[in-house]
Amino acid sequence: MRSVVWGPAEFVGLPPRRLLVKGLLAGILAASAITGAGAMGGWIGRQALVGGEVGLAVAVMLAAYLLVIGAGRALVGTVAVLGVCLALQAPPTAAGLVLEIRGRVESVVVTAVEGGPGTGIRGGRYLCSVTSPEGVPLSTRIWRGCGRTTRAGDALQVVYDPEGHVPPRGVDPEGERTRRGRVAALACALISGCAVAVVRSFRMSPAGTTTGTRPRPAGEGERGGRGGSPGSSL
């Protein structure tokens, strides 16, 4: 049971180096694919990449790979959860990075404020409906920078993508740094978990293989001789 849950890990001392390299490589490739898909989606505006579907598919394929090589079920589950969390967190964080690289900051005017604690909006956020200085309403409501004291007529700083691939959002440098740190921590945890799962999948022989014979005591073959009867050899 322990072998099924945590992996056989049939080695003594330090784990085989090739398995450690193999596990790190698999984790790095998966983390890079998940975060890279989110970044590419924000840059080119491809909805399948922005929504995280590609990242989720990569997480599922990584979990399937670990099952195939015989990794422990608990470790496979942990890696799968980390992969899904990373796939969901990477696209919005990558969108913030795209806005930082090519976004433009503009002052907008608040027209209405909704939300707050007890309103059913996630996290008790306040949402501000805003218009551009020319009076054009933005289709996206802003929550970064919109708070309890915000009133209609107030000005907010909004960063937007001139190419229109990323929705505008309120300027929040500290929040963006926090989100990037969270994504980096998830990626590191995914790589570490994958390495541990691959290392602990090591078996001395293929799973379920048996020799079908009982090990013989040392010297038994010599006593039996070639003919199989005692004393037949000189």
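These numbered points describe a predicted model of one protein chain.

1. Overall make-up. The chain contains 7 helices and 4 strands. Read from the N terminus, the order of elements is α-α-α-α-α-β-β-β-β-α-α.

2. Burial and surface. The chain has 234 residues, and 33% of them count as buried. Its accessible surface is about 13,900 Å². Carbon and sulfur atoms account for 61% of that surface.

3. Contacts along the sequence. Taking contacts between residues at least 6 apart in sequence, 69% join residues at least 24 apart.

4. The disulfide. The structure holds 1 disulfide. It is formed by C128 and C146, whose sulfur atoms are 1.9 Å apart. The two cysteines are 18 residues apart and link distant parts of the chain, with C128 in strand β2 and C146 in the loop between β2 and β3. A disulfide is a covalent bond between the sulfur atoms of two cysteines. The torsion about the S-S bond of C128 and C146 is about 75°, so this disulfide is right-handed.

5. Burial of the cysteines. Are C128 and C146 buried or exposed? The cut-off for buried is under 20% relative accessible area. C128 has 0% relative accessibility and therefore counts as buried. C146, at 8% relative accessibility, also counts as buried. Another cysteine, C194, is buried because its relative accessibility is 0%.

6. R144. Where is R144 found? R144 is in the loop between β2 (126-131) and β3 (155-160). R144 counts as buried because its relative accessibility is 11%. Leaving aside residues up to four places away in sequence, R144 touches R169, G170, D172, E176 and R179.

7. A nonpolar surface patch. Which residues form the nonpolar patch on the surface? The patch consists of M40, W43, I44, L97 and I101. Together these residues have about 470 Å² of accessible area. Helices α2 (17-44) and α5 (73-102) each supply at least two residues of the patch. The most comes from α2, which gives 3 residues.

8. M40 within the patch. M40 lies in helix α2 and is one of the residues of the nonpolar patch. Its relative accessible area is 43%, so M40 is partly exposed. Partly exposed here falls between the buried limit of under 20% and the exposed limit of over 50%.

Definitions and conventions: Residues numbered from 1 in each chain as written. Predicted model: local features only at pLDDT ≥ 70, side-chain atom pairs only at ≥ 80, totals over all residues. Heavy atoms only, no water. Buried < 20%, exposed > 50% of the residue type's maximum accessible area, 1.4 Å probe, protein only. Contact = heavy atoms within 4.5 Å. Areas by Shrake-Rupley, 256 points an atom, 1.4 Å probe, with all protein chains shown as cover. Disulfide = S-S within 2.5 Å. Patch = residues over 30% accessible without salt bridge, like charges linked within 9 Å, V, L, I, M, F, W, Y side chains within 5 Å. Salt bridge = Lys/Arg side-chain N within 4 Å of Asp/Glu carboxyl O.
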